[in-house]
Amino acid sequence: MAGIMKIKNITAMRKPIKIMQIKRFSSKPYVYIMLKSVFFAFCLFVICAGTAMGNDSKILNTATAFPRDNPVKIVYPVAMPPYTFEDDTGAAQGFAVDLLRLWSKKTGIPVQFSSAIWNDGLQMMRDGKADIHASLYYTEKRDAYLDYAAIVASSKGSIFFHKSISNLKNLGDLKGFRVGVIRGSYHEQYIREHLPEVVLVAYPNLPKMLDAAQKGDIRVFVADVGTTLSRLQERGLIDTFRYNPSLVLYRNNFWIAVREGDEKLAKAIEEGMALITPEERATLERKWLPISTAKAKDTLFIAMCSNLAPFTFI
């Protein structure tokens with residue numbers, strides 16, 4: 001283009017310079033630039049190919065450590081939406097399930113999902129009938145037979161109460177109530193340790209506890225906020241049972257865990273999760289989580305006051 005522009009300029013100025021002379025003059029830098037561009041493109045190709053080969057080798061090394069005809073067995077809580085649950089067809093669903101499916105795709109490691117109620121799932125891990133637990137809290141007791149490999153999502157526990165009850169402001173306000181908990185859960189352990197005098201009513205899973213709450217057997221229960229809001233919304237009870245957002249009993253993470261000492265599988269989970277891009281994870285968060293901080297071009301976050309009824313409230 002530089003050579004052509006010179007021809008036009010020179011023609012306009014009517015200077016007696018031959019076109020062949022201009023071509024000879026401009027060809028050397030043109031060839032040099034072309035060679036430099038080709039060399040740069042080749043280097044870029046080598047760098048990208050090396051990166052891709054590095055990722056592929058990581059996937060290959062991880063996948064070859066696990067035979068394809070023997071899938072890794074994953075147990076998940078049967079009723080803990082939006083993280084794990086069983087749909088009407090009996091298929092595994094939820095954020096943690098999709099996250100592990102994507103991990104399987106990234107690593108090439110085949111997986112097999114099995115559902116269980118809470119205590120049964122923990123027992124399957126203790127007995128070696130499952131290789132991975134899809135989503136659970138860390139506790140010192142569980143740490144004796146589990147290793148924690150990757151975080152699924154952050155979580156918090158709170159007190160849910162019937163709308164006929166005045167706002168509960170602290171843990172001590174539970175005195176005098178029969179409080180529902182899930183048997184064997186972190187919530188049950190927390191209340192027994194911090195408020196042992198409270199009368200607890202234990203249920204095998206969240207749906208059974210919500211059934212009891214809906215029938216009026218209990219009016220107060222302790223549970224994970226995200227999971228409970230999802231279930232209340234599903235049942236049309238979101239206005240019947242509420243919680244105080246400022247009263248957070250504890251904060252914890254839902255973890256993907258393996259059996260104690262299974263370092264190979266724990267490392268495979270860690271490496272495989274690292275292959276999941278922020279965009280891929282954000283897509284899953286927006287699909288499943290009722291409250292997600294994953295930023296996207298089509299997402300607008302709006303701040304609001306949680307207790308300024310009737311204008312804004314939770």
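Select strand 2 and strand 3 (residues 84-86): two bridges join them, and they run antiparallel. This is a predicted model. Pick Met-80 next and look across to strand 3, where Thr-84 is its bridge partner. The three strands make up an open sheet, ordered 2-3-4, with antiparallel pairing. Its edges are strand 2 (79-80) and strand 4 (92-93), each of which pairs on one side only. In general, strands of a sheet pair through backbone hydrogen bonds, parallel or antiparallel.

Next, show helix 3 (residues 95-107) together with helix 9 (residues 263-274). Their axes come within 9 Å and cross at roughly 90°. Helix 3 is therefore roughly perpendicular to helix 9. On helix 3, display Leu-99, Leu-100, Trp-103, Lys-106 and Thr-107. On helix 9, the residues that make the contact are Leu-265, Ala-268, Ile-269, Gly-272 and Met-273.

The next stops are charged pairs. The count of salt bridges comes to 10.

Start with helix 10 (residues 278-288) and select Arg-281 and Glu-285, which both lie in this helix, four residues apart, about one turn. The two form a salt bridge, with 3.7 Å between the closest N and O atoms.

Move to helix 6 (residues 186-194). Here Arg-192 and Glu-188 are four residues apart, which places them about one helical turn from each other. Their side chains meet in a salt bridge of 3.0 Å, N to O. Arg-192 is partly exposed at 47% relative accessibility, while Glu-188 is buried at 12%.

For a pair that links two helices, select Arg-235 and Asp-211. The closest N and O atoms of this salt bridge are 2.8 Å apart. Arg-235 belongs to helix 8 (residues 225-235) and Asp-211 to helix 7 (residues 206-215), so the bridge ties together parts 24 residues apart in sequence. Arg-235 is partly exposed, with a relative accessible area of 25%. Asp-211 also counts as partly exposed, at 31% relative accessibility.

The last stop is strand 10 (residues 220-224), where Asp-224 is found. The residues in contact with Asp-224 are then Tyr-83, Tyr-137, Ser-155, Lys-156, Gly-157, Phe-160, His-187 and Phe-254.

Technical notes. Residues numbered from 1 in each chain as written. Predicted model: local features only at pLDDT ≥ 70, side-chain atom pairs only at ≥ 80, totals over all residues. Heavy atoms only, no water. Pairing = 2+ DSSP bridges. Salt bridge = Lys/Arg side-chain N within 4 Å of Asp/Glu carboxyl O. Buried < 20%, exposed > 50% of the residue type's maximum accessible area, 1.4 Å probe, protein only. Contact = heavy atoms within 4.5 Å. Axes fitted to C-alpha atoms, helices over the stretch in contact; angles between N-to-C directions. Parallel < 35°, antiparallel > 145°, perpendicular 65-115°, else oblique. Lists of a residue's contacts leave out its neighbours within four places in sequence.
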